[in-house]
Amino acid sequence: MQEWYVRRDGAVADGPHDIEQLRVLWGQGALDSEAEIRVGMDGDWLPLSRALPEMTAPRTTGTNWASLRFRGGATEPGMPDLAVEDDGWQQARPAPWRRFFGRTFDTMLFLSVGSGVLASLMVAYFPQAYEAVFAERKGMVLGGVLSSLMLYAWIIVCGATLLGLTGTTPGKWLFGTRVTYRDGRPIGLWPALRREFSVLLVGQGLGLPLITLVANGFAYATLRSDGVSTWDAMDRWVVTHRPWGAMQAALVAATIVVPMMLVVAWNMLGDVLA
């Protein structure tokens, strides 16, 4: 079995790696096509694209996920050149407002579900704790320290689980956002959890009043200027979007209109039953 050594940007070589390990590093984005590799300790250093062209060649079939390998010479500064088939999620330009509203939708969705689940479980099994946490208005979380921590944990776990396993969440899907490795694979549970914690800390200021506004402002400015958020720059995953068009506009409109209609219908039903 051949042993491969890797050298990035003239740094000290690391290895040995077998071919499967190289594929994993390539898939995770830890190697690019210009990284130098050699066979054994005495082989010649060659770019990965020359030494193993079959590994770096763009895929054109066989995946439902966008294969997002970078090629040299992006069409815009800081933007990846997507050398893959168009599966409808190929827009790589920053879209801060779509990301913001997608996350807001997820937060409200997970918060609504989590509040109901938390309240139901506490009423059934911990009635005294329920009285302490939901003391002011029955059935709603009021932002006490305990309930806030529990709900923040619930939101993070829900978002990370969906993102890590599928590459998106309900809100991200509706607003056309996806997060994957550059080979198109979902990033996995642990990286997704790290990403969610980083968003909460850096992008949302732990949800603290005023600090959240400042954190949101810095996050927006960073994404617009650098083309990548701080929490996405820490790893080699890529954020892409469904291009704006009739379908995306309809999804955004439905996301706004349908909840409003449900609230109106709920209020009308309450009036009828009152």
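In what order do the 4 strands of the open sheet lie? The points below start there.

1. **Basis.** This is a predicted model; local features require pLDDT of at least 70, side-chain atom pairs count only at pLDDT 80 or more, and totals for chains, interfaces and linings use all residues. Residues are numbered from 1 along each chain as its sequence is written, and side-chain values use heavy atoms, with hydrogens and water left out.

2. **Sheet order.** The order is β2-β1-β3-β4, in an open sheet with antiparallel pairing. The edges are β2 (14-17) and β4 (46-47), each of which pairs on one side only. Strands here are DSSP runs of E, at least two residues long; helices are runs of H or I, at least four; both are numbered from the N terminus. Two strands count as paired if DSSP finds at least two bridges between them.

3. **Strand pairs.** β1 and β2 are antiparallel and share 2 bridges. In that pairing, Val 6 stands opposite Asp 14 of β2. β1 and β3 also run antiparallel, joined by 4 bridges. Trp 4 faces Val 39 of β3. β3 (residues 36-39) pairs with β4 over 2 bridges, again antiparallel. Ile 37 has Leu 46 in β4 as its bridge partner.

4. **Helix on the sheet.** Helix α1 (residues 19-28) packs on the sheet and touches β1 (4-7) and β2. A contact means heavy atoms within 4.5 Å. The direction of α1 makes about 125° with that of β2. Axes are lines fitted to C-alpha atoms, for helices over the stretch in contact; angles run from 0 to 180 degrees between N-to-C directions.

5. **Confidence.** pLDDT is the predictor's confidence in each residue, from 0 to 100. The chain averages 77, and 79% of the residues score at least 70. Two stretches need care. Residues 59-86 stay under 50, with 68 contacts beyond four places in sequence. Residues 138-143 also stay under 50, with 13 such contacts. Where pLDDT is low, the predicted coordinates should not be read in detail.

6. **Nonpolar patch.** Leu 109, Val 113, Val 117, Leu 121, Tyr 125, Phe 126 and Trp 154 make a nonpolar surface patch of about 660 Å². Helix α4 (residues 96-125) gives the largest share, 5 residues. Phe 126 sits in the loop between α4 and α5. Patch residues have over 30% relative accessible area and no salt bridge; nonpolar side chains are joined within 5 Å, like charges within 9 Å. Areas come from the Shrake-Rupley method with a 1.4 Å probe; for residues, only the protein chains shown count as cover.

7. **Salt bridges.** The structure holds 3. The criterion is a side-chain nitrogen of Lys or Arg within 4 Å of a carboxyl oxygen of Asp or Glu. One of them joins Asp 232 to Arg 99, with the closest N and O atoms 2.7 Å apart. This pair links distant parts of the chain, helix α10 (residues 230-233) and helix α4, and its residues are 133 residues apart.

8. **Thr 212.** Thr 212 belongs to helix α9 (residues 211-226). Beyond residues up to four places away in sequence, Thr 212 touches Gln 204, Gly 205 and Gly 207. Thr 212 and Val 202 are 10 residues apart in sequence and 9.1 Å apart, C-alpha to C-alpha.
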